[in-house]
Each structure stands twice: as structure tokens, then as C-alpha cells.
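Please look over the sequence and structure below before reading on. The notes that follow are grouped by topic.

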Amino acid sequence: MSWQQSPHIRTFKLFALVVGVCLASFYLISSVLIPVIISFTLYALFQPAVTYLARHDINHSLSILIVLVLLTIVSTVMIAFALPALVEQVSLLQSRLPQIAEQLEQLLTVYGDKLSARVGADIDASEIILSILSKSSSLGQAALFEVSNRLVNFVIIFILVPFLTYYLLKDFKRARNEMMNWLPNSSFELGWLIYHKVSTQLQAYTHGVMLQSLIMATFCSIGFTLIGLDIPLLMGAITGLFNLVPYVGPIISILLSLLVGAAMTPFDANILYLSVLVIVGAQIFDNLVVIPAVVANAVNLHPVQAILGIIIFGSLFGTVGIILAVPAIAAGKIVFKNIYTDIANANLKATP
Amino acid sequence: MCYSFAIAVTDNSMANVFWSNLFRNGDSELQVVTQLWRDTPLFADIPERHTEALCATMHLRDFKAGEVIFSQGDQGAGAILVLSGEVRVSADKAELAQLRDGDFFGEIALAASERRTADATATSASRLVYFLKQDLEEWIEHEPRLGARFLMNLSATLAQRLYAANQLIAKQL
């Protein structure tokens, strides 16, 4: 058998073709990628609810409308509640930055002197603070500008997502069947098998991580309320949301809670320690209880694969890549494994 | 040529308007397929309208004479009904069956993720109906009671085939 006919090489070629088609599709829809991803996530989440209503003799289109109207009401209320609070918090944080800097300067002066005495090098606290302050101030302004700038995009997404979700819930299966019929006879069953495995895994993953985020948001909201952190519900919700991004998300959550804690008056260092404790505690609870019970087996990825995937996808596709890395790698593994099995089986039969 | 009934025969969508003249015999073909499936033990005691709804999700594929449908060891995605033409089922070059209109095969794939246990080849130009496990699972979500009835029928069919195979082995011994 020549190396070109090796099952591995043929699998790589076919897999590269599949990946190429996927990337080209993503490129074509890149301008509406975020609403499409949100709509598919909502489709995966709400398809069971539509099926449930349809099973109880409610017309299919009416079932979709009922689910979407409920979803729109709930999300509108949540956004109306969360967005002004978030903008207010960013403004508040910016106005308190000098005060935080002053407190940090005091801390650094005390500990800097001790450190200088130990290592024998000069540490200029005021220089460090000025540098941090100038960067933080411009960062805060940039964040405020970004929030207002993105409001238009946000409104477009808000209108587009229910529209797309409605048609996905209504016509996705029909469109899917039509596309699967493009497959040649020799790959028809294999194509459906791969689709079945990937869709089952992605649906289980979506349900798992959404439930996981909800549990984490509840856990952190209660924790932040108990320790007395500002805007505990919003911070809990944000922590739950960032939990969607494995490994990197919790670190961002800790940094955010530290910023909010540092912006509180009077400044209390204990709040910072306790905020970290709440998130670390939530992570321990997540890893020991929630993941084994809710997300386990949804994606069978080694932590190293997941971390490398997040870094590579993140550098290639930004935030969207970070969120999609884990499900995309899990789906890629299924596709590769099934193509390889099929090619290896065909090779085995062809060998006399 | 290949298409699914879902495109060919369903309601008044734009897609249907666009494709309608290409698949104008879709309705009558769906009725034929429904009747053929209803004649099999798999659909015993399942009302016609529900069988027709399930058949509307199935997939039609056309095979040329001599074209391989599946081979031993392939991963199976579902059962297959012969709508027209002839199919030869064989294992290790020994013919096991010659199937014609209304016969079905590969139903093990509806119940288990096992590999195909035989080779199937179209011996004349054939039109086959694929009934995929994916479609069965989606139908069961909508119709759990009828789904339970179908799975009972499937179990009985598989048990009968196992019994027949055992008898054949016993005779050979």
C-alpha cells in the first residue's frame, strides 16, 4: 500500500476538505456570525420545548411562537434590568479610579519598601500607579465608547435573532434533509451517522453548559450577596456567562469582581479576598459536582486539547473562537474518527 | 437522483412551490411508500396518518444496476425499503436473499449501532427508501406512545429473524 493510499492520509485529505468547507461557510456568513451562533444555540435549547408543545396537539408554528414570545419577554426584561446597571457600574468604576489608585499607592508604598529592603532594588510606587491609572482611565473611556458604539449592532442582533430562531425551529430539519441529499450514495449513510453523532453531542453540550452557567450564576450571586459585593446579581450573572469559556472565563470573572470590589467605598481589602474565594469555591463546586452531573460525557476532550484549542481558536477567530473552540474540536474529533473508520474498513475489504 | 419526501410532499412552503413541478408525483409515491411500510410487521397497529407522517421524513435514493448499497462492516444509519428494482444481499460471496418491491433490510441499524453484517448490491436500477435512526428518534419524541409500539414491533421482527437464523444453523449442524 503506497503512502498516498494510507487510511490516515486519505482521512486527513477528506477531513481537510470538510474543515475547508466549514471555514468557507463561516467566512461567507461572517457579518452575521454572532446572531447565527446565538440563534443555533437558542434552537438547540428550545427545540425540546417546541416538541413538547407540539406533542400536546398544539400547532407546530403556534408552538414556536409561544416559545419565542416567552423568550423575547424574558430577555427584554433582563436586558432592560442589566444594561443600565452595567453602564452605571463602568462609569462608577471610572470615577473611583483615582481613589483606587491612591489606596493601591499606599499599599505598594508599604509593601514596596519592605520588598526593596529585601531585594535591594528601588520600587517607585507612584510611577507604577500613574502608569496603571493612565491605562485604566483610557480603558474605561474606551469601554464606555464601545458600549454606546455597539448599541446599534446590539439592536440589529436583538431583531435578527428571534427571526432566525423562528425559521430554524420551523424549517431547519427540512433544509438539513435537502443538504444531506447532496451527498453521493456511497457517503449518504456515513454523512447521516456523523450528523447524528455531532448534533447529539452539540445539543447535549449546549444544554449542559447553559445549565452549568445558570447554576454558577446562582451560586456566585448568593455568594456575592453574602459577602456584600456591589451589584451581586449582575456580577453573578456575568460570572455565569464567562463560565461558558472554559479555563479563561473564571480568570476574567475574578478580575472583574476584583475591579468591582476595589471600586467600593469604603475600600475593604477583605471584599477582594472574599470575591476570589466565592469564585474559586464556585469553580470547585463546578468541577466536583456540576460538571460530572451535567456536562460529563457531553464532550470527551482532554484538558490539554481543550486549552490548546482555546488558545489557537482564540488567536484565529477572537472571542467567538474562544467560545466555539471546545464544541468545534469535539465535533472535529467525531468527524475525523468516523471518516477514518469508514476509510480503514474500505481498505481492509479491498486488501486481498 | 435523490430527494426526501420532506421536500417533495409537505405543505405550501416556497420550497414546495419551487420544486413542485419536479416532484409532482411525490404525493402518490408517498402513498405507495406508506402502504409498503404498512404491509411490513414494523408498522403493525400504527394508524395510517401517523405512518404517512413518518414516511414523509424518509429519504429516496436511486441506485444503478451493480452499485453497492452497503458493505459488510460499514456503519449503518437505518433500515432500507425497496420501492422498485432488485437488491442482492450476500455475506462472504454467498447470496442470502434477493429482495424486491416492498422488502426491507438493514433494520438492525434502527435498534443498535452495530456494523452491517452483510453486503447489499442493487442488481437492477433500484429506487430505495432510507428510514434513518435519526428520523425514528425524532418521530418518537413527537409520538412516544406510537414510538413504543413501533419499538415493540421492531423487537418482534428482530427476534423472528434471530429465531429463523438459529433454525438455519441447527439444520446445518
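Strand β5 (residues 87-91) of chain B pairs with β6(B) in the antiparallel sense, over five bridges; two strands pair if DSSP finds at least two bridges between them. Strands (E, at least two residues) and helices (H or I, at least four) are DSSP runs, numbered from the N terminus. This is a predicted model, in which local features need pLDDT of at least 70 and side-chain atom pairs count only at pLDDT 80 or more, while totals for chains, interfaces and linings use all residues. Residues are numbered from 1 along each chain as its sequence is written, and chains are lettered from A and ligands numbered from 1 in the order in which they are written.

**Sheet in chain B**

- The bridge partner of B:A91 is B:A94, in β6(B).
- β5 and β6 belong to an open sheet of four strands in chain B, with antiparallel pairing and the order β3-β8-β5-β6.
- β3 (68-70) and β6 (94-99) of chain B are at the edges with a single partner strand each, so one side of each has no neighbour in the sheet.
- On average, neighbouring strands of this sheet are turned by 30 degrees against each other, direction ignored.

**Helices of chain A**

- Chain A has nine helices and zero strands.
- Helix α5 (residues 185-227) of chain A has 43 residues and reaches 63 Å from its first C-alpha to its last, close to the 63 Å expected at 1.5 Å a residue; the expected span is 1.5 Å times one less than the number of residues.
- After α5(A) comes A:G228, with a positive phi near 85 degrees.
- The axes of α2(A) and α5(A) come within 9 Å and cross at roughly 90 degrees; axes are lines fitted to C-alpha atoms, for helices over the stretch in contact, and angles run from 0 to 180 degrees between N-to-C directions.
- α2(A) is therefore roughly perpendicular to α5(A) (65 to 115 degrees).

**Contact between chains A and B**

- 18 residues of chain A are in contact with 22 residues of chain B, contact meaning that the C-beta atoms of two residues, placed from the backbone, lie within 7 Å.
- On the side of chain A that touches chain B, the elements that give two or more residues are α2 (33-55), α4 (125-180), α5 and α9 (303-350) of chain A.
- α5(A) gives the most to this side, with seven residues.

Conventions
Parallel < 35°, antiparallel > 145°, perpendicular 65-115°, else oblique.
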